[in-house]
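Here is a briefing on the structure shown below. Read it with the coordinates open.

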Amino acid sequence: MSVYLHVTLEIHAAGLGDFLEGMEKTAVPFLEGEGWRLAGAFVQRTGRLGNVIDLWELDDFQHYDRALQAFMADDSFPAFRDLLARTVISETVVFADQASYMR
């Protein structure tokens with residue numbers, strides 16, 4: 001049974017473009033290669049502007065750790081980690097199960 005990963009990232013306004021590019025070119029392709037399924041990716045238009053919300057579907061809780069360990073061992077990760085250090089103010093990670101009314 002799938003588990004969902006809801007990630008909210010508060011991004012420095014000046015770094016939003018760089019963050020989005022890094023996700024598109026580095027993180028998303030790598031994580032999808034590890035079997036994560038991106039169910040949605042959003043940039044807030046109201047509230048705290050520039051917040052990014054990602055919704056991933058994973059096989060199980062261990063899938064999260066396996067993919068992150070693989071990413072951290074990949075040659076692309078040091079540059080991506082530096083990008084995160086420059087652009088991300090905070091990150092909130094929440095695991096969720098599918099609600100009974102989801103189609």
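**Salt bridges**

The count of salt bridges comes to 5. The model is a predicted one. The points below take the salt bridges, then the strands, the helices and the surface.

- Arg48 and Glu10 meet through their side chains in a salt bridge, at 3.1 Å from N to O. This pair ties together distant parts of the chain: Arg48 sits in the loop between strand 2 and strand 3, Glu10 sits in strand 1, and 38 residues separate them.
- Arg48 is partly exposed, because its relative accessibility is 30%. Glu10 is also partly exposed, at 26% relative accessibility.
- Arg37 forms a salt bridge with Glu57, and their closest N and O atoms are 3.7 Å apart. Here too distant parts of the chain are linked: Arg37 is in strand 2, Glu57 is in strand 3, and they are 20 residues apart.
- Arg37 has a relative accessible area of 31%, so Arg37 counts as partly exposed.
- Arg37 and Glu57 belong to a network of salt bridges that also takes in Asp59.
- Asp60 and Arg66 are joined by a side-chain salt bridge of 3.8 Å, N to O. Asp60 is partly exposed, with a relative accessible area of 29%. Arg66 is partly exposed too, with a value of 45%.

**Strand pairing**

- Strand 3 covers residues 52-58. Of its 7 residues, 5 are buried, so the rest of the structure largely encloses strand 3.
- Strand 1 pairs with strand 3 in the antiparallel sense, over 7 bridges.

**Thr8 in strand 1**

- Is Thr8 buried or exposed? Thr8 is buried, because its relative accessible area is 19% and the cut-off for buried is under 20%.
- Thr8 lies in strand 1. Beyond its neighbours within four places in sequence, Thr8 is in contact with Asn51, Val52, Ile53, Ser90, Glu91 and Thr92.

**Helix 2**

- Helix 2 spans residues 61-73. Its buried residues are His63, Ala67 and Phe71. They cover an arc of only 60° around the axis, so they lie on the same side of helix 2.
- An α-helix has 3.6 residues a turn, so residues three or four places apart point the same way.
- The buried residues of helix 2 pack against helix 1, strand 3 and helix 3.
- Leu68 lies in helix 2 as well. Leu68 is partly exposed, with a relative accessible area of 25%.
- Leu68 and Phe30 are 38 residues apart in sequence, and their C-alpha atoms are 9.8 Å apart in space.

**Helix 3**

- Which residues of helix 3 are buried? In this helix, residues 77-87, they are Phe77, Phe80, Leu83 and Thr87. Seen down the helix axis, they fall within an arc of 115°, so they line one face of helix 3.
- The face turned away from that buried side carries the exposed residues Ala85 and Arg86.
- Cover for the buried residues of helix 3 includes strand 1 (3-11), helix 1 (16-33), helix 2 and strand 4.

**Nonpolar surface patch**

- Phe61, Val93 and Phe95 form a nonpolar patch on the surface. Together they have about 250 Å² of accessible area.
- Phe95 is found in strand 4, residues 88-96. Strand 4 is also among the elements that cover the buried residues of helix 3.

Methods: Residues numbered from 1 in each chain as written. Predicted model: local features only at pLDDT ≥ 70, side-chain atom pairs only at ≥ 80, totals over all residues. Heavy atoms only, no water. Patch = residues over 30% accessible without salt bridge, like charges linked within 9 Å, V, L, I, M, F, W, Y side chains within 5 Å. Areas by Shrake-Rupley, 256 points an atom, 1.4 Å probe, with all protein chains shown as cover. Salt bridge = Lys/Arg side-chain N within 4 Å of Asp/Glu carboxyl O. Helix = DSSP H or I, 4+ residues; strand = E, 2+ residues; numbered from the N terminus. Buried < 20%, exposed > 50% of the residue type's maximum accessible area, 1.4 Å probe, protein only. Arc of directions from axis to C-beta. Contact = heavy atoms within 4.5 Å. Pairing = 2+ DSSP bridges.
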